[in-house]
Amino acid sequence: MNDTDNQRWRGLPGVVLGLWCLALASGAFASTADHTAFEELQGPFDRAEQVTEACLGCHTEASQQVMATRHWTWEYENPHSGETLGKKSMINTFCISDQSNEGFCQSCHVGYGWEDDTFDFSDESRVDCLACHNTGDYVKKGGWAGYPNAEQTDLVKASQNVGRTSRETCGACHFYGGGGDGVKHGDLDSSLVEANHALDVHMDAEGGDFACSECHQTESHDVPGSRIQGTAVDVGGALLRGAHEDRNPTTCQACHGSSPHEDGSHAQRLNEHTRALACQTCHIPTFARGGVPTKMAWDWSTAGQLDENGEPIQRKDDKGHVIYDSKKGDFVLGENVVPEYLWWNGNTTFVTAETEIDPSERVLINAYHGTPGGEDSRIWPVKRALGKQPYDTVHQTLLRPQVAIPGNDTAFWYNFDWDKALEAGTRIAGQPFSGEYDFVDTAMLWPITHMVAPGEDALKCGQCHSDDGRLAGVDGVWMPGRDRHAGLDRFGFGLAGLVLLGALGHGALRFVNRNRRKKGH
């Protein structure tokens, strides 16, 4: 058996496993359990935690597995700096901060009852199995610290109708994070629930119909893929997922390999581009393409405007989308947005509540790092979300206001008083606050990796290889048809001129010599 045969046989178990998982996801294998028949799930359930306790009767390790993941802790250790990051403590350009707003924000936590720093992260009964495994009619209400809405949710029915995760269950949080549909990411919104081919070739409801878990393949409830620290470069060459154990299954290369282009006269040239470009750069030409706008800018400094009766107001655009809200300020929305492009090696650093900022310039809350042309870096598409948010003018730090706790007089949404909201939020979060504040321009980057367009809609050569092309502002890129060097241009044109003069001179001499020969005859 030669080396090629050995490679094929080594990859076979992974291929078989991949095909089995695909068949399972497509419904080829029916479940062997009818949850409606389980005595433990007949109810009644007075508390949501009782559902989890019933689940653990069979799924004995599930809660412990969940509690070891970022979906539970909302914390993450930066492998480059050792810094603790995650939704629990980070600052952003949309809702600003989770801390001091836990009772509202934790409607997207996979648990019950996280409303302040007394939450017991070791209590297995607090894990919410239904958050990911419900098959509909399960609503976690904002302001209820992760508990389901009792009026809209029949816990017995929900517990008896559990299933695999789906675009709907994942999207309940990931589509609506940041306060609404499509707010944060730009490439994740409710249009993907029933995606068509033009919107996403993988999630096409009449095509591959991928669930999120098709790429975010999960072991022990640990979901791969992260916007905080990404896998920007995956240079393995396998064409089928599973052939290399060390791959991140969420990368394009995990399925398509590092030489994905096989057809057409330009396949080799396109494959050479993968040494500099992320697949998403060409294959996601725009984001927010499904009819749901994404927030491109959020100005908190204008929040608090009231009508003549002292009541909060909203303003909408011609399409009925809210572009001003007294609770949140002004928004700039975008659809079919062309991404920005930059070099990224997967390492991202963040401004935290402890970071001293320079308010004279826009504060970049997260910085993407990469070396132009480096083996560890690729050019990636990103959404740049602009913000304007409060900062401490004495300490020169971004501030954590309390904005969203229902009925709380210290929350901005219920008093429209920044002094109270900032004093309460920073006190609860344990952040120093001088009492002096203003608003500073900020920005935050989001990697664009969903809404993969069909091949025929991928970027064409001229969209980059031109003076004003997509990559015009990206350093370290030399492209024929766009870039030139004045000295080389002069040398080249001079050389071309000499060649032309030589050709003309040679032609003239031949003409003269031919006339002489004619006269000689």
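Phe104 is partly exposed, with a relative accessible area of 25% (buried means under 20% relative accessible area, exposed over 50%, and partly exposed in between, for a 1.4 Å probe and protein chains only). The model is predicted, so local features need pLDDT of at least 70 and side-chain atom pairs count only at pLDDT 80 or more, while totals for chains, interfaces and linings use all residues. Residues are numbered from 1 along each chain as its sequence is written, and side-chain values use heavy atoms, without hydrogens and water.

The whole structure holds 18 aromatic pairs (rings of Phe, Tyr and Trp, the last by its six-membered ring, with centres within 6.5 Å; planes under 30 degrees apart are stacked, over 60 edge-to-face, and the rest tilted). One of them is the edge-to-face pair of Phe104 and Trp413, at 5.3 Å centre to centre and 85° between the planes. Phe104 belongs to helix α5 (residues 102-105) and Trp413 to helix α12 (residues 412-415), so the pair ties together parts 309 residues apart in sequence (helices are DSSP runs of H or I with at least four residues, strands runs of E with at least two, numbered from the N terminus). Trp413 counts as buried, at 10% relative accessibility. Tyr112 and Tyr147 form a stacked pair, with 5.4 Å between centres and 15° between the planes. This pair links the loop between α5 and α6, which holds Tyr112, to the loop between α6 and α7, which holds Tyr147, 35 residues apart. Tyr112 is buried, with a relative accessible area of 0%, whereas Tyr147 is partly exposed at 26%.

Ring pairs also join Trp298, Trp300, Phe331, Phe412, Phe416, Trp418, Tyr437 and Phe439 into a cluster. The charged end of Lys295 sits over the ring of Phe331, 4.2 Å from its centre (NZ of Lys or CZ of Arg within 6 Å of the ring centre and within 35 degrees of the ring normal). Lys295 also lies over the face of Trp298, at 5.6 Å from the ring centre.

A search of the whole structure gives twelve salt bridges (a side-chain nitrogen of Lys or Arg within 4 Å of a carboxyl oxygen of Asp or Glu). In one of them, the side chains of Lys420 and Asp409 meet at 3.0 Å, N to O. Lys420 lies in helix α13 (residues 418-429) and Asp409 in the loop between β12 (397-398) and α12, eleven residues apart. Lys420 is partly exposed, with a relative accessible area of 37%, and Asp409 counts as partly exposed at 46%. Salt bridges that share partners join Arg47, Glu49, Asp123 and Arg126 into one network.
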